[in-house]
Amino acid sequence: MKFVWKYVVILALLAVAPFFVLPPFLTHIGVMIGIYTTLALSMNLMLRIGQISFAHGAFMGLGAYGSALMMMRLDLPFTVAFLAAALGVALLALLVGSLFLRIRGVYFVLLTFAFGEIIVLTFIEWVSLFGGSGGLPGVPPPSLFGYAIGSREGFYLLSLGLAAFAFALVRTIYGTELGAVITSLDEDEALTRSLGIDSRRYRLLTFCVSAFLAGMGGALYGHYLTLVTPEDYGFWVPVNLVMMNVIGGIAQPIGAVLGALLLVPLPELLRDAKQYQMLLYGIVLILFLLFMPDGMHGLFSKLKGHLARRELSR
Amino acid sequence: MEFALQIVVNGLMSSLVYILMALGFTLIFGIMRVVNFAHGEMYMIAAFLVYALVGSLGWNYYLVVVLSALALGVFGAILERALFRPFVGRELQGMIMALAVSITLQAVAFILFGPNDLSVPRPITGVFDVGPMVIPRDRVAVGASALVVLLAFYVFMRYTKTGLAMRAVVQDEDIASIYGVRPKIIHPLAFGIGAMLAGFAGALMAPIYTIHPYMGAQPMLKAFIVVILGGLGSVPGAVLGGIILGLLESLFATLVNTTVATMVCFGIVVLILLFKPTGLLAR
């Protein structure tokens, strides 16, 4: 139980931060970090089973369009629209996953990439529903228990809550037997199957949970920006998410959080110099891939181990 | 009838450039198992070389086409040696590395040349009127040059010892190395040749389209579709895939619009990956 308290304290401190110390601009970055933490965690699940999904940009987009359209066209309350959109994305993952997940390695990446592109092109082509390349403007703000959340601080709390939920969910999954099975799928699937475990079901479940998180992250993103455009959900979303995981460290969920913390503020701070930001991204990613394949988290663990050994040798 | 013929001619002229892109992409995958997401950037760099050398310094265009393709070949071999070698056989990590290289090269081009659309004067202008059809002369020149490069590539792969070694590595690297093929030489060579083919495509297309840092994305996407159609790693497959894509695109773009054409192509890609992931020409 000790570790739970640690997280509760951190969460409480983060929750009150915007009301006391954070200037509005940092609160905005906080909102983005929360959303991207959720998305990076969703990609972390896929990395766990060794199948990188490039459909996650489209999943995020479906969550955003779904939640926005259900509020705008069907007048559904936010909570219903938000959850229904994310569940819809998970359902889609269930449907296509049973076909897609048989394919492995780079073929899976290319398959999900082509599938994601089809969805994004549908956003562009189906103008009457999705609004074409211009997208959907005027997405209504979320409301909880009858209160509309239009302020930045409100979004901050929502986004923090979502990220905390995603983190707890992924951590719990990895901590249980389910997590052990999932991890074994990437390491030695044949061995797992020899124990009588139906590995495809576990892959499917992971894919659905991952898509569910991506849908929620996307939905909140759409409400926050109040504008949903196809170009926000293309090829670069999954690339960014993989990047966050590689830089943070893919072995632990905290790696995804570290990656989001590190990479999200950059584009906001370097807004006037996007090209230098991309250059930095690219070079940092190359360096991590070459010299620190375990990411930041691996680096921290290594340092910790090093210090511990020094203590012992004294 | 004339309409159909025009669609076919337009399609085939695009096909040749797609094949040029796809051959390098598929060669790199076949030999190193790296999905080279930075392939479009080789195309982009060659186009910028044409812009800098022809547009600014006024060198001879045809000379620059050959020079920039060769430069890209050297660059590709260096990339392999410096960045991709640790990832041979680790497909996912290699792919992420290719993405990182792609981001970096785009950013460098952006910093050097800015975001604006640039252009170089067309070395050839005017059209051929063949019966009822209208065929731009420069596209014919591009098609013919692409055809020459493709034939040279075919002869190299089919009739030289190095080509034989490469085909052997595509089939089975371990067995090939028993017979004295050295992967340490074949890998950079394959990456270099792949980059050189993309460089040719980029230099040839530079006067036809506008030049900007993100121009590699489209041809990269086409190469990707072509290669899946024909089978990842298969050279004859890339030729077949290129012809199919060119014709399909030309047909749907004429009848509906280009977005729908791309959607149809991706739909076919999904179906092929699901039911015949080794491509149309698989044994």
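Predicted model: local features only at pLDDT ≥ 70, side-chain atom pairs only at ≥ 80, totals over all residues.
Start by selecting A:Leu157, which lies in helix H7 of chain A, residues 152-175.

Colour A:Leu157 by accessibility. Its relative accessible area is 37%, so it counts as partly exposed, a class that runs between the 20% and 50% cut-offs.

Together with A:Leu157 they make up a nonpolar surface patch, and the five residues share about 540 Å² of accessible area. Which helix gives the most to this patch? Show helix H1, residues 2-20: H1 of chain A contributes 3 residues, the most to the nonpolar patch.

Return to H7(A) and display helix H12 of chain A, residues 253-263, beside it. The two axes come within 9 Å of each other and cross at roughly 150°. H7(A) and H12(A) are therefore roughly antiparallel, since angles over 145 degrees are classed that way. To see the contact itself, show side chains on both helices. From H7(A), select A:Phe167, A:Val170, A:Arg171 and A:Tyr174; from H12(A), select A:Pro253, A:Ile254 and A:Val257.

The last stop is A:Leu225, in helix H10 of chain A, residues 199-225. Is A:Leu225 buried or partly exposed? A:Leu225 is partly exposed, with a relative accessible area of 31%. Finally, draw a distance from the C-alpha atom of A:Leu225 to that of A:Ala84: these atoms are separated by 20 Å, while the residues are 141 apart along the chain.

Conventions. Residues numbered from 1 in each chain as written. Chains lettered and ligands numbered in written order. Heavy atoms only, no water. Patch = residues over 30% accessible without salt bridge, like charges linked within 9 Å, V, L, I, M, F, W, Y side chains within 5 Å. Areas by Shrake-Rupley, 256 points an atom, 1.4 Å probe, with all protein chains shown as cover. Salt bridge = Lys/Arg side-chain N within 4 Å of Asp/Glu carboxyl O. Helix = DSSP H or I, 4+ residues; strand = E, 2+ residues; numbered from the N terminus. Buried < 20%, exposed > 50% of the residue type's maximum accessible area, 1.4 Å probe, protein only. Axes fitted to C-alpha atoms, helices over the stretch in contact; angles between N-to-C directions. Parallel < 35°, antiparallel > 145°, perpendicular 65-115°, else oblique. Contact = heavy atoms within 4.5 Å.
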